[in-house]
Amino acid sequence: MATKTNRTCLARLPSGELQELSASEFDTIDGLRKKPDHVIWLDIASPTAEDLDLLHDEFSVHPLALEDLRKRRQRPKLDTYAEQQIIVNYEVLEPSEPDKHFELGELHLFAGPGYLVSVRWHGSPAISEVERRFRERPDAVARTPGSLVYAVLDAALDGFFPLLDRLTDKIEELEEVILAGGRSNDTLRTILALKRKLLELRRNLSPQRDVANALLRRDLPLVDDTSAPYFQDLYDHTIRVLDQLDLQRDLLASALEANLSVTSNNLNAVMKRLTAFTVVLMVPTLIAGIYGMNFHFMPELSWPLGYPVVLGVMLLTMAGAALFFRARDWF
């Protein structure tokens, strides 16, 4: 028998009271959920083979949906079977490693007449928040399975907003580092890492928008006239998250272009300095080369002051060339 800790079953009764079913009462779920005005919510963490058998026996979950649970890593989607809608969704989790910006947790929701089953493999902030609210005010959170589905999806989506705010702050810090002329390699590495993270979010959120749009068509028993406006709100929030994500991608692309421009300008400045040093050293090298040609008859070759005069000319020409380039901001 699976331990009680990985399953939580709450039942909203017609009177508005909330009842928590014990593990020994799970075999009564099939009959309880068929009663009118009952809402059953079963949450399963890290499902075992016995949990999958429970879903098959008590909720008639389709074998294909059970196969998705075994394989995991499904794309966000909405599947419809006989009197049952299956939603795969993702939420933001705290990273397990300090160098990661975020992690995504997979949620499977099975909704049908009078019940909702949530399956996960992690500690879920969305499930914990909705469960807390459901225990405190069951009538306000879930009078129908559809409103309970909305509450879970909305809580999962709300977790993306703080993440996007943190990513925006990170991009602004990168822009300041770029304008200050920070280390190009570290900055470029950070920009490319953020681009990969934003692409991962985009791949996840785009299908979630399609799921929210499908729920708005009102051809599903899950969405009634009462819960339809809430799913419209869910769709609007999804579009808002996607718009903010696209804006961040544009800002990151601009930061990458700015970083490349700063790197190019720094390279040009280095080349200017190297060119100036080359010209400054070229003049004495030319004079020394002339006097090193070993011809017998050369001007001032036998003059006692010839050597110090030539050194002085070299120094003067080097100083003149250095002042010339200094005036033009090449040094």
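These legends describe close-up views of a predicted model. Local features need pLDDT of at least 70, side-chain atom pairs count only at pLDDT 80 or more, and totals for chains, interfaces and linings use all residues. Residues are numbered from 1 along each chain as its sequence is written, and side-chain values use heavy atoms, without hydrogens and water.

**View 1. The largest nonpolar core has 56 residues.** Such a core joins buried Ala, Val, Leu, Ile, Met, Phe, Trp, Tyr and Cys residues through side-chain atoms within 4.5 Å. Buried means under 20% relative accessible area (1.4 Å probe, protein chains only). Trp 41, Val 149, Leu 201 and Leu 215 have the most contacts inside this core. Elements that each supply at least two of its residues include β3 (39-45), α6 (145-158) and α9 (228-290). Helices (H or I, at least four residues) and strands (E, at least two) are DSSP runs, numbered from the N terminus. A second, separate core of 23 residues includes Cys 9 and Phe 110.

**View 2. Helices α6 and α9 pack at about 15°.** Their axes, lines fitted to C-alpha atoms over the stretch in contact, are 10 Å apart. The two helices are therefore roughly parallel (under 35 degrees, on a 0 to 180 scale between N-to-C directions).

**View 3. Gln 208 lies in helix α8.** Gln 208 counts as buried because its relative accessibility is 6%. Beyond neighbours within four places in sequence, Gln 208 contacts Pro 76, Asn 89, Tyr 90, Phe 160 and Thr 238.

Note on methods. Buried means under 20% relative accessible area, exposed over 50%, partly exposed in between (1.4 Å probe, protein chains only). Angles under 35 degrees count as roughly parallel, over 145 as roughly antiparallel, 65 to 115 as roughly perpendicular and the rest as oblique. Contact means heavy atoms within 4.5 Å.
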